[in-house]
Amino acid sequence: MIIVTAASGQLGRLVITELLKRVPAEQIVAAVRDPGKVADLADQGVLVRHADYNDPASLDKAFEGATKVLLISSNDLGNRVPQHRNVIDAAARARVGLLAYTSLLHADTSTLSLAAEHCATEDAVRAAGVPYTLLRNGWYVENYTAALGGAIAHGALAGGAGEGRIAAAARADYAEAAAVVLASTGAVEQVYELAGDEAFTLAELAAEVSRQTGKDIPFHNLPQQDYLAMLLQIGLPAPLAELIADSDAQAARGALFDDSKVLGKLIGRPTISLAAAVKAAL
Ligand SMILES: NC(=O)c1ccc[n+]([C@@H]2O[C@H](COP(=O)([O-])OP(=O)(O)OC[C@H]3O[C@@H](n4cnc5c(N)ncnc54)[C@H](OP(=O)(O)O)[C@@H]3O)[C@@H](O)[C@H]2O)c1
């Protein structure tokens with residue numbers, strides 16, 4: 001049984017889609033806190049089990065018969081370490097053959113404020129006493145493309161990453177990498193640094209949007225505090241706004257760059273291009 005946690009999320013759903021191409025549906029478990037959200041997966045033959053990161057008993061039940069578990073990091077910022085520990089402990093009790101965790105690109109050296117929770121989780125994964133793989137995912141390109149509507153409406157793309165090159169990749173690419181690792185019958189690496197083949201600056205992103213829309217959408221780089229103020233002003237919750245402003249500021253210093261092309265090698269094809277990601281979003 002291959003268990004995918006947070007299978008109701010955007011990444012989890014894509015992982016299940018990719019797994020269904022590689023293993024029979026009855027070997028896949030979508031472990032979710034609200035089974036009603038994934039009725040469509042049950043219709044495809046995927047087993048759906050209740051699993052809440054805050055409820056160890058639910059995790060033990062969900063992991064019955066598990067050979068491999070993919071722990072997709074929670075979106076509950078600030079509460080993730082105890083939640084992830086619950087999952088890791090349950091996977092260890094189930095004596096799984098592989099525990100994979102969706103971490104952060106270069107988590108051990110990253111200057112992103114996000115890295116702390118990922119590092120603590122990685123430590124717990126290493127200490128669990130089961131074979132493991134760290135899928136250190138870089139930035140989702142959707143973090144930027146999902147906000148293009150606002151940029152087009154305002155005639156400018158604002159951000160704080162300056163000249164920093166960002167090796168973002170589509171969720172679908174990271175999901176396929178996770179599925180490849182989970183479906184593998186051979187040995188897998190302990191650490192994968194996963195990022196897009198094609199790094200870009202936000203000015204290059206703005207130029208691509210301009211090209212595809214036929215409108216002039218320049219990039220406006222903002223100091224971290226100004227970008228934070230803008231994100232708060234458009235209504236983002238403070239913790240999320242702070243995280244985004246911090247991430248862009250660190251990206252300006254290269255924290256989201258990687259040129260190892262490990263992701264493309266793992267999935268056996270080039271990662272989805274910036275042009276294709278922008279086109280899909282538009
Ligand atoms: N690399 C990046 O650029 C980037 C960007 C954003 C997020 N992330 C991280 O990557 C993860 C996956 O991304 P995504 O796009 O799929 O996020 P998402 O769509 O927000 O999905 C988050 C998932 O976490 C689940 N979850 C939250 N709390 C839980 C709990 N207590 N017990 C069980 N499940 C819980 C949610 O369940 P419900 O459906 O029940 O709410 C949902 O399935 C995120 O959670 C976050 O840690 C990475």
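**Figure 1. His106 in the loop between β5 and α5 of the predicted model.** In this predicted model, His106 is placed in the loop that runs between strand β5 and helix α5 (115-127). Its phi is positive, at about 55 degrees, although His106 is not a glycine. Most residues other than glycine have a negative phi. His106 counts as partly exposed because its relative accessibility is 22%, and buried residues are those under 20%.

**Figure 2. Ala6 in the loop between β1 and α1.** Ala6 belongs to the loop between β1 (2-5) and α1. Ala6 also has a positive phi, near 50 degrees, in a residue other than glycine. With a relative accessible area of 23%, Ala6 is partly exposed.

Figure 3. Ser103 is located in strand β5, which spans residues 98-104. Its relative accessibility is 5%, and Ser103 therefore counts as buried. The side chains of Ser103 and Glu122 are joined by a polar contact of 2.7 Å. When residues up to four places away in sequence are not counted, Ser103 touches His118, Glu122, Leu135, Arg136 and Asn137.

**Figure 4. Glu18 in helix α1.** Glu18 is part of helix α1. At 10% relative accessibility, this charged residue counts as buried, because the cut-off for burial is under 20%. Not counting residues up to four places away in sequence, Glu18 touches Ala175, Glu176 and Ala179.

Figure 5. The ligand has 22 residues around it, of which Ser8, Leu11, Ser73, Asn143 and Arg171 come nearest. In the side chain of Arg171, an N or O atom is 2.8 Å from an oxygen atom of the ligand. Taken alone, the ligand exposes 900 Å², and the protein buries 84% of that area.

**Figure 6. Composition of the shell around the ligand.** By class, the shell comprises seven nonpolar, 10 polar and five charged residues. Helices α1 (10-20) and α4 (80-93) each supply at least two residues of this shell.

**Figure 7. The largest nonpolar core.** In soluble globular proteins, nonpolar side chains tend to be buried together. The largest nonpolar core of this model has 55 residues. Within this core, the residues with the most contacts are Val4, Val15, Leu19, Phe63, Leu70 and Leu99. Helix α8 (residues 171-183) gives the most to the core, with seven residues.

Figure 8. Leu70 is one of the residues with the most contacts inside the largest core. Leaving aside its neighbours within four places in sequence, Leu70 is in contact with Ile3, Val4, Thr5, Val15, Ala100, Tyr101, Thr102, Leu135, Ala178 and Leu182.

Note on methods: Residues are numbered from 1 along each chain as its sequence is written. This is a predicted model: local features need pLDDT of at least 70, side-chain atom pairs count only at pLDDT 80 or more; totals for chains, interfaces and linings use all residues. Side-chain values use heavy atoms; hydrogens and water are left out. A residue is near a molecule or strand if one of its heavy atoms lies within 4 Å of it. A polar contact is a pair of N or O atoms within 3.5 Å; within protein, one must be able to donate a hydrogen and the other to accept it, and residues adjacent in sequence count only if both atoms are side-chain atoms. Accessible areas come from the Shrake-Rupley method with a 1.4 Å probe; for residues, only the protein chains shown count as cover. Helices (H or I, at least four residues) and strands (E, at least two) are DSSP runs, numbered from the N terminus. Buried means under 20% relative accessible area, exposed over 50%, partly exposed in between (1.4 Å probe, protein chains only). Contact means heavy atoms within 4.5 Å. A nonpolar core is a set of buried Ala, Val, Leu, Ile, Met, Phe, Trp, Tyr and Cys residues joined through side-chain atoms within 4.5 Å.
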